Amino acid sequence: MSKLKHYVAQELVLAPSTAGVTTVRDGYRAVLADDYKGYSLGKYLTGQLPKHYRTLDGIASDFESGNSCLEAVLGIIACMPTVGSFQNSHCGEIAAAQFVEEVLGYRRLYSKLTMTTSENTNAHKMDGLFVKTSCDPYEYLFVEAKSSILPTESTKAKTHRSGILTSMLNSLHTYDDDDPRFEFARIRDNLESSFNEAEAAKIRSDLTPPGPDNLKFLGVSVTNACTVNTDDDDFILSKQCDTEFNYYALVVTDLAKLAKDAYGRWIKMKAAAA
């Protein structure tokens with residue numbers, strides 16, 4: 001089975017374009033290929049979408065109940081967006097989450113996509129919280145992901161510093177103004193069975209306020225390859241923020257086409273079952 005790491009065609013450390021740019025954080029870029037051994041990136045993401053809208057335990061319980069395998073499949077699809085703009089933004093968040101898990105080596109604790117109140121909407125919380133259980137103390141990572149399908153027919157711009165990069169900074173800048181108890185409580189209540197008893201006990205303890213000491217932040221952007229430019233790199237590497245964070249830029253060929261490919265298979269299954 002293909003993993004996201006197989007699609008990483010290039011990975012590099014971002015550096016300022018001139019000596020006059022003073023960096024305040026580390027930055028990296030990973031370029032994702034469209035295909036791995038004939039298996040498209042979109043098809044890979046198709047297989048990952050369900051676990052970002054529902055817990056694997058919840059999905060499994062629908063099948064284990066023996067009530068209706070058809071309804072179990074439709075239950076997987078029900079939470080997914082049907083409108084292109086939401087598919088685009090959700091696809092970017094999910095690609096970012098998969099990268100944090102499969103390439104950076106963290107395990108997912110929380111995804112805001114499980115909190116959406118309808119299929120075509122967004123939840124206004126930090127995008128995900130992850131944990132690395134291979135170290136002591138455990139390392140926790142809050143991720144703020146932003147994506148863009150620029151350029152489009154109506155918006156020809158190929159830069160992001162006045163768009164998603166500023167939005168990322170603003171979201172992280174105000175983190176200390178938000179109460180993390182909501183996220184912490186939700187995680188404590190919904191730890192998946194993939195965590196053993198000792199891990200679960202440690203995580204629940206760590207996520208009891210005031211929260212873990214070893215908590216880091218990561219901003220992730222998902223954009224099209226044709227928009228990569230040094231001015232955006234200089235901006236995100238040097239712009240001050242009250243919350244310390246590092247940055248990862250994920251680059252795909254065409255995010256809108258990728259989202260259409262990833263969600264399209266589930267939409268076709270839903271239509272076939274109607």
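These legends describe close-up views of a predicted model.

**View 1. Helix α8 and its buried face.**
Helix α8 covers residues 197–206. Its buried residues are Glu 199, Ala 200, Ile 203 and Asp 206. Seen down the axis of α8, these residues fall within an arc of 130°, so they line one face of the helix. Glu 197 and Ala 198 are exposed on the other side of α8. The buried residues pack against three strands: β5 (107–111), β6 (128–132) and β7 (139–147).

**View 2. Helix α7 and what covers it.**
Helix α7 takes in residues 181–189. Glu 183, Phe 184 and Ile 187 are its buried residues. They cover an arc of only 100° around the axis, which puts them on the same side of α7. Their cover includes β5, β6 and β7. The buried residues of α8 also pack against β5, β6 and β7.

In β6, 4 of the 5 residues are buried, so the strand is largely enclosed by the rest of the structure. β6 pairs with β5 in the antiparallel sense, over 4 bridges. Here Tyr 110 has Leu 129 of β6 as its bridge partner. β6 also pairs with β7 in the antiparallel sense, over 5 bridges. Leu 129 has a bridge partner in β7 as well, namely Phe 142. β6 and β7 form a hairpin, with 6 residues between them. At Lys 132, the charged end sits over the ring of Tyr 106, 4.4 Å from the ring centre.

Asp 206 is found in helix α8. Its relative accessible area is 14%, and Asp 206 is buried. Which residues does Asp 206 contact, leaving aside its neighbours within four places in sequence? They are Tyr 138, Tyr 140, Gly 211 and Pro 212. Pro 137 is found in the loop between β6 and β7. Pro 137 counts as partly exposed, at 47% relative accessibility. In sequence, Pro 137 and Asp 206 are 69 residues apart. In space they are 9.4 Å apart, C-alpha to C-alpha.

**View 3. Strand β8 and its parallel partners.**
β8 runs over residues 215–224. This strand is mostly covered, with 8 of its 10 residues buried. β7 and β8 pair in the parallel sense over 8 bridges. Lys 146 stands opposite Ser 221 in β8. β8 also pairs with strand β9 (residues 246–252) in the parallel sense, here over 7 bridges. Thr 223 has Val 251 as its bridge partner in β9.

**View 4. The stacked pair Phe 142 and Phe 217.**
Phe 142 and Phe 217 form a stacked aromatic pair. The ring centres are 5.9 Å apart, with 20° between the planes. An angle under 30 degrees counts as stacked. Phe 142 lies in β7 and Phe 217 in β8, so the pair ties together parts that are 75 residues apart in sequence. Phe 142 is buried, with a relative accessible area of 0%. Phe 217 also counts as buried, at 11% relative accessibility. Phe 142 is also the bridge partner of Leu 129 in the pairing of β6 with β7.

Tyr 7 lies in the segment before β1 (8–13) and Tyr 44 in helix α1 (residues 41–48), so the pair ties together parts that are 37 residues apart in sequence. Tyr 7 is buried, at a relative accessible area of 0%. Tyr 44 is buried too, at 2%. Together with Tyr 36, these residues form one aromatic cluster.

Note on methods. Residues are numbered from 1 along each chain as its sequence is written. This is a predicted model: local features need pLDDT of at least 70, side-chain atom pairs count only at pLDDT 80 or more; totals for chains, interfaces and linings use all residues. Side-chain values use heavy atoms; hydrogens and water are left out. Buried means under 20% relative accessible area, exposed over 50%, partly exposed in between (1.4 Å probe, protein chains only). Helices (H or I, at least four residues) and strands (E, at least two) are DSSP runs, numbered from the N terminus. The arc is that of the directions from the helix axis to the C-beta atoms. Contact means heavy atoms within 4.5 Å. Rings of Phe, Tyr and Trp (its six-membered ring) pair if their centres lie within 6.5 Å; planes under 30 degrees apart count as stacked, over 60 as edge-to-face and the rest as tilted. A charge sits over a ring if NZ of Lys or CZ of Arg is within 6 Å of the ring centre and within 35 degrees of the ring normal. Two strands pair if DSSP finds at least two bridges between them.
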